[in-house]
Amino acid sequence: MKVMVVAGARPNFMKIAPVVSELEKRGHQSVLVHTGQHYDASMSQSFFDDLGIRAPDHFLGVGGGSHASQTARIMERFEPVLVGARPDWVLVPGDVNSTLGASLVTVKLKAELGTQLAHLEAGLRSNDWRMPEEVNRVLTDRCSDLLLTPSRDARANLIAEGIDDERIHFVGNVMIDTLLLRLDAARERDHARTLGLERDGYVAATLHRPSNVDESDALRVCLEAFARIAERMPVVLPLHPRTQQRAERFGFRGLLDAITVTQPLGYLEMLSVTDGARVVLTDSGGLQEETTVLGVPCVTLREQTERPVTIEQGTNRLAPWPLTVAGIIASFEDALARPRRAVGEDCPDGWDGRAAERLVSSLESFRTAPVAAA
Ligand code: UD1
């Protein structure tokens, strides 16, 4: 079996690592494509280094830009690579523009090449069509032959959209495979100590959603809340390039000075900082899942989450919406009152370190319906 694995942005890399390794273990051929959506060393190469992912077979170098231009470049540069390789499968993780771009190319060439499309992390829904990721998720799922779901709730979302049940395979959360495999190494790295922070004595924050950082008022609310919380407990904020650009444009340097701001962290550094935090404040999807497994109380700075299982079973809560400084601080206080859980305690089904094994078994066993019936 020949599987083309496509990754482009930071949250993709921890999802592909265990899959590429499982494919190789079983003697399948993997072709690794990096679209170059994320390109700074701290957003890309450091993840390949930390996770031991081999160098990509194809690097498309698409870089940043508007949604249209970025997605178009991904499509243009991915098409000849797909045609040249003619794999049995294209596997796309997550919900970024690279996911959708590669999916559209694959489905349009399906009749010609016979390549099937599998979506890793299918069926998650925020039901907020204003989020670029929601558009990417829904359209990628619609294009896919095989829908690999990370949590049990995803199936109902797909069935409600008319997807055939037999194309939906529950495999669990591959990102948690990576977390469990790398946690000891992350603890040894102990990046919080390098930053002068004591385990359980600080808050880890991240912020990069357009809805929180692209408007001056929204970004001010989040950063003011972080600065106020930092009066009680140190707040470490690894700064995403998007957030950094906006904070500079809006003149928020002063607010950042009250916080421990770092460059974007590599995988092991970030896992170490998350694991040691007393509370996590975030708008990231991945951190909602990672804190659930690590047992760290998490406050999500969004109106809704496509990962409700992290609230029902995990340690996650949504801050009151619309976000206010007082609302974020109250949610932080609430999280602070909750004890840390043990790693892996009360985790969602399939978040057990073996999702990549189930995923590769699904690829091996799945037989698609004819194109006309898809
Ligand atoms: C993208 C994903 C988002 C994901 C996030 C994780 C889409 C639609 N969004 O958002 O779902 O949560 O990645 O980080 O795919 N930049 C750099 N260096 C880099 C990468 C980006 O400087 O290596 C800057 C560029 O100026 C770029 C901006 O950050 O314009 C935003 O990058 P982009 O890939 O467009 O979206 P993200 O906000 O990173």
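Author: A pocket is an open set of grid points with protein on both sides within 12 Å along at least five of seven lines, and its volume is the space filled by probe spheres set on the points. The model discussed here is predicted.

Reader: What volume does the second largest pocket have?

Author: Rolling a probe the size of a water molecule over the atoms shows where empty space is left. In this model, the second largest pocket comes to about 340 Å³. It is lined by 19 residues, with Ala17, Pro18, Ser21, Glu22 and Leu181 closest to its centre.

Reader: How is the largest pocket to be read, and which residues lie nearest its centre?

Author: Its space is about 1,200 Å³. The lining consists of 49 residues, and Arg10, His38, Met43, His208 and His240 are those nearest the centre. These lining residues divide into 19 nonpolar, 19 polar and eleven charged.

Reader: Which domains does the lining of the largest pocket draw on?

Author: Domain 1 (2-173 + 351-365) and domain 2 (182-336) each contribute at least three residues to it. Helices that each supply at least two include H3 (67-85), H6 (132-143) and H12 (241-249). H1 again heads the list, providing the largest share with five residues.

Reader: How many aromatic pairs does the structure hold?

Author: A pair of aromatic rings is described by the distance of the centres and the angle of the planes. This structure has four such pairs. In one of them, the ring centres of Phe13 and Phe47 are 6.2 Å apart and the planes meet at 50 degrees, so the pair is tilted.

Reader: Why does the pair tie together parts that are apart in sequence?

Author: Phe13 belongs to helix H1 (residues 10-25) and Phe47 to helix H2 (residues 45-51), so the pair joins parts 34 residues apart in sequence.

Reader: Are Phe13 and Phe47 buried or exposed?

Author: Both Phe13 and Phe47 are buried. Together with Phe48, these two residues make up one aromatic cluster.

Reader: Which residue lies over the face of Phe170?

Author: A ring can also have a charge over its face. For Phe170 the residue is Arg152, placed 3.8 Å from the ring centre.

Methods: Residues numbered from 1 in each chain as written. Predicted model: local features only at pLDDT ≥ 70, side-chain atom pairs only at ≥ 80, totals over all residues. Heavy atoms only, no water. Phe/Tyr/Trp six-rings, centres within 6.5 Å; stacked < 30°, edge-to-face > 60°. Helix = DSSP H or I, 4+ residues; strand = E, 2+ residues; numbered from the N terminus. Buried < 20%, exposed > 50% of the residue type's maximum accessible area, 1.4 Å probe, protein only. Lys NZ or Arg CZ within 6 Å of the ring centre and 35° of its normal. 1 Å grid on protein atoms, 1.4 Å probe; cavity = no way out; pocket = protein on both sides within 12 Å on 5 of 7 lines; lining within 4 Å. Nonpolar A, V, L, I, M, F, W, Y, C, P; charged D, E, K, R; others polar. Domains from an automatic or database assignment.
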